[in-house]
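Subject: Structure handover

Hello,

Here is the structure I promised you. Please open it and keep it in view while you read my notes.

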Amino acid sequence: MYKIILNLLIIFIIYNINYINANDSININNLKKIPILNEGRIKPLDTFAKKNFLKINKNYEYKNLDSIYWLSELIFIPNKAYEKEIFKINKNLIKILNLKKKNYFSFNELFEALNQKTKQINKLYKLNYYNLSKSQKKLLNLHKKILNYLNISQSLSMINYKFDLNKELIEKLNLKKKSKFCYLDILKKKEILLNNIKIISKKKLSNINELEKNILKILNELSLLSKEKKNNILKIIPPINNKILWYSPWEIINQNFDNNIKYLIYWKKLTKEYNNKNQKNWDIILNKLINLTYEKKSKNLFYKIYIEIIYNKINLLNLLTYIYILILTITLLKTKNVFYINILNHIKKYLYNINTIIYCFIILTRIYITEKPPVTTLYESLIFVGFIITILTYINKINKINIILGCIINILILYISNKYSNYVDNINITAAILNTNFWLTIHVISITIGYGSCIFTSFLSHYHLLEIYKNKNFQYNNTYKNILKILTFALFFSFIGTILGGVWAEQSWGRFWGWDPKENGALLINLWIILLIHGKISNLLNNTSFIIGVCFLNIIIIIAWFGVNFLNTGLHTYGFIKKLENNIIIFTIVDLIYIIILSYIIYKKYKKKFLT
Amino acid sequence: MNKPIKYKKYIFYQTAFIEKENKNATILTITKNNISFIFYISSILICIGLIINLTKKDKKNYV
């Protein structure tokens, strides 16, 4: 055990080497610890930054720096951030927007280009999204991204935007003498300004003096800025009186929460220190702000935020993929030297065990952070299926075939989950149609265990088919028995899961079955396995045709798991399927070709055996 | 959605909703099921069968 822990530590240290701070800005890594309410859960600012940066840059690092550096520049010095070329856009969009070809674009460039297409974009918003062409969808998505970017940049505009006041007005408002003032400074003197308006409104235009003109000018600027008051994307101010809702800085001002203005004052000081690049003061103020934010919160929140930051940083899923690739390479190495074979076998098993521990850690961390079963989104169910398959390889004895299969399936699953999902903030809370934790846990988990075991047994039978094809004097061995065992196991969980879904639906909707696409998918899996097992018991299927039947289970799982989402109807439609369509079709075709060709060759070669 | 109304033997639950400016609507589905016990009985029977199948050591019939 201690060896495994030691190995884990070494991998952790190697993987966790910090980036060298190449920027001239101060070290702002602690800003990550600020909690934010976003997309239904409280997460660290780090996750928010990574997720939003990934949307526009398709990368999660900003000039070899963490994306928190990008976010801080955007909220503290928006005008500087607007000029940074960070937007990565599609080639077609470059043509549509008449832009010069280059890799990255700045916000200003895109904003101007999109402004010229305002009419076209407004029309697109009125149309049904699913009826739009690919380029239209991309244009619309870019517009949404730009608006989102603008919203984030204006989150602290009550601090960033500066007003020029003349001496007279400064004296009139009793402000401290300095050249520029922010909205927050003037807000304190709101009453003086309002009183002045009352006086000015009674006067004739010709009688208004210079000071009053200045007051009107400032009020005009204030009202222009107040358009940004609707901005509530950056909910970083904790709730008052133990309520659940968090507030954005503008919401605090809009709703006159005077008690919470203190948070904004800290943010103002932070902005100042950020601009001055004063590391010492920055750290002091940030620590005070963090302490204030967590003051009335449970310690649990602090731990959660901290763990999520670590989870984001070490990106364990990528690490898992690399180790699986390494194990696969070691397993496929061929040497005749007994000494090397022994060493390689030991390394292989150690690494496999380490990966299983990392997998457990990932699943447990996600449960701890979301407080939900680890199967609430399609992404999570993918990871959970990978985990189930790893566990099955242990139940099925750790041997060469199981390790190879476990590695191949997991690499595939991790590749899909990393490529097609937002792999930075993939801890999402799905608004479950039925938000009941108990039923969600047992129904979805049993269905997912069913999926996992079906995929594993199907891959095992793929291998078995290859074995039959290769060996002339083939005899049905342990692999065949294992396929049977795991298939029965898969049927058990798929069936129980489907029934539990029915009970859940009965309790909530008053009906067991609604012929929803996902329900039909689950039924399809059950019927296919039942068909195979009954065919075997009744001797209507011989061993080889039984194995071929199990091979097809992969395609059925793909249809039931992902395929039904293409229909875009029903209560179970969720997850990421936009970019997956082609890959699923390719996988199905390749799998079909594999099964059909091998079956045909086996049939031709061993006609007698095939038929007995 | 999460809180269906049970009235006599009928169950009212929300299946969809329409959200437009100033006009919101909810779509309810009403169901009545007198024979739900059959579902439970059949499910239990299949589960027993599955457990027997899963725990049976002798799989001579299969091979």
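Which residues in α15(A) meet which residues in α16(A)? From α15(A) come Tyr263(A), Tyr266(A), Lys269(A), Leu270(A), Glu273(A) and Tyr274(A). They meet Asn281(A), Trp282(A), Ile285(A), Leu286(A), Lys288(A), Leu289(A) and Leu292(A) in α16(A). By type, the residues of this contact divide into 9 nonpolar, 1 polar and 3 charged. Keep in mind that this is a predicted model.

Now the geometry of that pair. α15 spans residues 261-276 of chain A, and α16 spans residues 279-294. Their axes lie 9 Å apart, at an angle of about 160 degrees. Angles over 145 degrees count as roughly antiparallel, so that is how α15(A) and α16(A) are described. The crossing of α15(A) past α16(A) is left-handed.

Next, chain B. Here 3 strands make an open sheet, with antiparallel pairing and the order β1-β2-β3. β1 (5-7) and β3 (23-32) of chain B are at the edges. Each has a single partner strand, so one side of each has no neighbour in the sheet. On average, neighbouring strands are turned by 30 degrees against each other, direction ignored. β1(B) is joined to β2 (residues 10-20) of chain B by 3 bridges. Look for Ile5(B): its bridge partner in β2(B) is Phe12(B).

Last, back to chain A. Asn207(A) sits in the loop between α12 (190-202) and α13 (210-225). Is Asn207(A) buried or exposed? Asn207(A) has 9 C-beta neighbours inside 10 Å, so it counts as exposed. Asn207(A) and Ser461(A) are 254 residues apart in sequence. In space, their C-alpha atoms are 93 Å apart.

Best wishes

Technical notes:
Residues numbered from 1 in each chain as written. Chains lettered and ligands numbered in written order. Predicted model: local features only at pLDDT ≥ 70, side-chain atom pairs only at ≥ 80, totals over all residues. Pairing = 2+ DSSP bridges. Helix = DSSP H or I, 4+ residues; strand = E, 2+ residues; numbered from the N terminus. Axes fitted to C-alpha atoms, helices over the stretch in contact; angles between N-to-C directions. Buried ≥ 20, exposed ≤ 12 C-beta atoms within 10 Å, placed from the backbone. Parallel < 35°, antiparallel > 145°, perpendicular 65-115°, else oblique. Left-handed = near helix turned anticlockwise from the far one by under 90°. Contact = placed C-beta atoms within 7 Å. Nonpolar A, V, L, I, M, F, W, Y, C, P; charged D, E, K, R; others polar.
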